Amino acid sequence: MDAAGAIEKLGFRRWYERRLVEAHAWLVACLLGAIGLFGGLEALNLRGAGLAPVLTLLFTFASGFLAWHALMRYAALMIEAHRYSSGATCAGCGAWGKIRVLRQAPVIEVACTACRHRWRID
């Protein structure tokens, strides 16, 4: 579901809170991937016998990919949350996050639930 639809369904404050929780879960995944990456690099011994070096190298690569992907998701979610939260303050009454979505595309048009002031979030 796109951001405007989720904001319309959940309300802005709940959507924003869920976005931050999801973003920080990705940050935890990034840290765990980095720990796996550094642990794999520490354990890597290419002179070992059998399949152990290949498996260690695969684990190290997968951990590094997880860390990179999780960091990119974290950044994207935080940027999106910041973008919408900076436009969620009503110019009429100053209320933050008390919005109702009026139109979703191409830009989100919202109205304040307190004073009914209308504006766009780009």
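1. Helix H2 buries Phe 12, Trp 15, Tyr 16, Arg 19, Ala 23, Ala 29, Cys 30, Gly 33, Ala 34, Gly 36 and Gly 40. Buried means under 20% relative accessible area, exposed over 50%, and partly exposed in between, with a 1.4 Å probe and protein chains only. These buried residues pack against helix H1 (3–10), H3 and E1, contact being heavy atoms within 4.5 Å. Helices (H or I, at least four residues) and strands (E, at least two) are DSSP runs numbered from the N terminus.

2. The model is predicted: local features need pLDDT of at least 70 and side-chain atom pairs count only at pLDDT 80 or more, while totals for chains, interfaces and linings use all residues. Residues are numbered from 1 along each chain as its sequence is written, and side-chain values use heavy atoms, with hydrogens and water left out.

3. H2 comprises 32 residues and spans 46 Å from its first C-alpha to its last, close to the 46 Å expected at 1.5 Å a residue. The expected span is 1.5 Å times one less than the number of residues.

4. The structure contains 6 aromatic pairs. Rings of Phe, Tyr and Trp (its six-membered ring) pair if their centres lie within 6.5 Å; planes under 30 degrees apart count as stacked, over 60 as edge-to-face and the rest as tilted. Phe 12 and Trp 15 form a tilted pair because their ring centres are 5.8 Å apart and their planes stand at 40 degrees. The two residues are 3 apart in helix H2 (residues 12–43), so about one helical turn separates them. Phe 12 counts as buried because its relative accessibility is 1%; Trp 15 is likewise buried, at 4%.

5. Phe 12 also pairs with Trp 96, edge-to-face, at 5.3 Å centre to centre and 80 degrees between the planes. Phe 12 lies in H2 and Trp 96 in the loop between helix H3 (52–86) and E1, so this pair ties together parts that are 84 residues apart in sequence. Trp 96 has 30% relative accessibility and therefore counts as partly exposed. One aromatic cluster is formed by Phe 12, Trp 15, Tyr 16, Tyr 84 and Trp 96. Over the ring of Tyr 84 sits the charged end of Arg 83, 4.7 Å from the ring centre; the criterion is NZ of Lys or CZ of Arg within 6 Å of the ring centre and within 35 degrees of the ring normal.

6. There are 5 salt bridges in the whole structure, each a side-chain nitrogen of Lys or Arg within 4 Å of a carboxyl oxygen of Asp or Glu. Glu 80 and Arg 19 form one, with the closest N and O atoms 2.8 Å apart. This pair links distant parts of the chain, Glu 80 in helix H3 and Arg 19 in helix H2, 61 residues apart. Both Glu 80 and Arg 19 are buried.

7. Arg 19 also meets Glu 22 in a salt bridge (3.1 Å, N to O), and these two residues of H2 are 3 residues apart, about one turn of the helix. Glu 22 counts as partly exposed because its relative accessibility is 32%, whereas Arg 19, at 16%, counts as buried. Salt bridges that share partners join Arg 19, Glu 22, Arg 73 and Glu 80 into one network.

8. Strands E1 (residues 99–103) and E2 (residues 108–112) pair in the antiparallel sense over 4 bridges; pairing requires at least two bridges found by DSSP. Arg 100 has Ala 111 of E2 as its bridge partner, and a hairpin of 4 residues joins E1 to E2.
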